[in-house]
Amino acid sequence: MTDKTISKTPGLSRRSLLKAGFAAGAVAGTAGAARAAGDPLITEIQDWNRYLGDGVQARPYGVPSEFEAHVVRRDVEWLTASTESSVNFTPLHELDGIITPNGLCFERHHGGIADINPADHRLMINGLVDTPLVFTMEDLKRFPRENRVYFLECAANSGMEWRGSQLNGCQYTHGMVHCVMYTGVPLKLILEEAGLKTNGKWVMPEGADASAMTRSIPIEKALDDCLVAFKMNGEALRPEQGYPLRLVVPGWEGNMWVKWLRRIEVGDEPWHQREETSKYTDLLENGKARRFTWVMDPKSVITSPSPQAPISHGKGPMVISGVAWSGNGRIKRVDVSLDGGRNWKTARLDGPSLSKAMHRFYLDIDWDGSDMLLQSRAMDEHGFFQPTKNELRAARGENSIYHNNGIQTWHVKADGMVENVEVS
Ligand code: MTE
Ligand code: CO
């Protein structure tokens, strides 16, 4: 059992994968340390107890406590050339349950946040339809609507980790994912209103932002579970998430979830737009690219402890917590390893288990204070497992940055600090 078994690879060039050679044991302990007698927080009246607090007019739109000010989306400055075509990351290490609060959903824009008055917004349906149509927001709200909880993951999530562990925190390694409840109209109903021609086999949603995002989606998916959504977690979409209208493409890569949705064209073949040819395709070792990798495969990550959420309480009872999701359906099982993948325990799934949504898992352990190499491995209801990073590299090489669902390792040290590492 030695630190030499672990490699920290700060730069892409310095990857070295070493052997994980120990098993972390578990011994009994106590969670509640005895508090010092005479604690003034118990024996003395505090200001918040003595004085009246703010009244109901102080906060017309509620915001988190000032003591939660560190729980924010963060970006990585060197990652993109401009802030308009950029990304920030969900602070997964600070969240629990399965729903991402609206203000913490990661943002990915290719042309900045469009600023649209809903009264000026239109959705056009054209192409291979009987009657081309244009809807106002009010028109759309007269269709029957549905509420569904789905995760959205950018195909580039974990992309910086393909060649070795690099970023210190699950916010950065896995934070291009969020999970909210959408309210919207099934795309099927809108397409049926226009009347699909029999040769209509593909749809192309288009965004109203400066990037005019466009992607090709097969008609089977469009008629299956896609939504044209105007609410997230009960309130209007946030501008960052496509206000006033976005497409929801459950389980498929985030790039297809066109924001500020203004047009859907129906065609008889895919359009091969920029974002499905030069971008969002996976370049393999032989120089060929995988075409149309739509589904997001099963993935999981331990959110606590993790580099941004070290263990501060010392040894004894503790909760290992994380999230798992799969574009194929429900998560059936999550295994957690404390020793770099040698031994696995089945974690406890908690909260709603919804298809193509985030799942929360816990493993409650007694930490004996020794090093751990924490890993989690998700399995979905169709039996798909998360691969190790080396299995992924063997299958797809190292040219790609998209669709990295490899198993993440966190090295927890005796002092409770946590580092992003790889084991083999
Ligand atoms: N839609 C438009 N119109 N413009 C965009 O830049 N970015 C796409 C997708 N839809 C984008 C878009 C990408 S790459 C992703 S991952 C998701 O939106 C991100 O959604 P979010 O910002 O709600 O997290
Ligand atoms: Co994306």
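This is a predicted model: local features need pLDDT of at least 70, side-chain atom pairs count only at pLDDT 80 or more; totals for chains, interfaces and linings use all residues.
Which side chains meet in a salt bridge at 2.4 Å, N to O? Those of E275 and R274.

Residues are numbered from 1 along each chain as its sequence is written, chains are lettered from A and ligands numbered from 1 in the order in which they are written, and side-chain values use heavy atoms, with hydrogens and water left out.

Now, the term. A salt bridge here is a side-chain nitrogen of Lys or Arg within 4 Å of a carboxyl oxygen of Asp or Glu. The structure holds 25 of them.

Back to the opening pair. E275 is buried, at 9% relative accessibility. R274 is partly exposed, at 48%. Buried means under 20% relative accessible area, exposed means over 50%, and partly exposed lies in between, using a 1.4 Å probe and protein chains only.

Next pair: R263 and E265. Their side chains meet in a salt bridge at 2.8 Å, N to O. Is R263 buried or exposed? R263 is buried, with a relative accessible area of 15%.

On to D282. Its salt bridge partner is R290, and the closest N and O atoms are 2.9 Å apart. D282 is buried, with a relative accessible area of 0%. R290 is partly exposed, at 26%.

Last, a network. Which residues do shared partners join? E161, K389, R393 and E422 are linked into one network by salt bridges that share partners.
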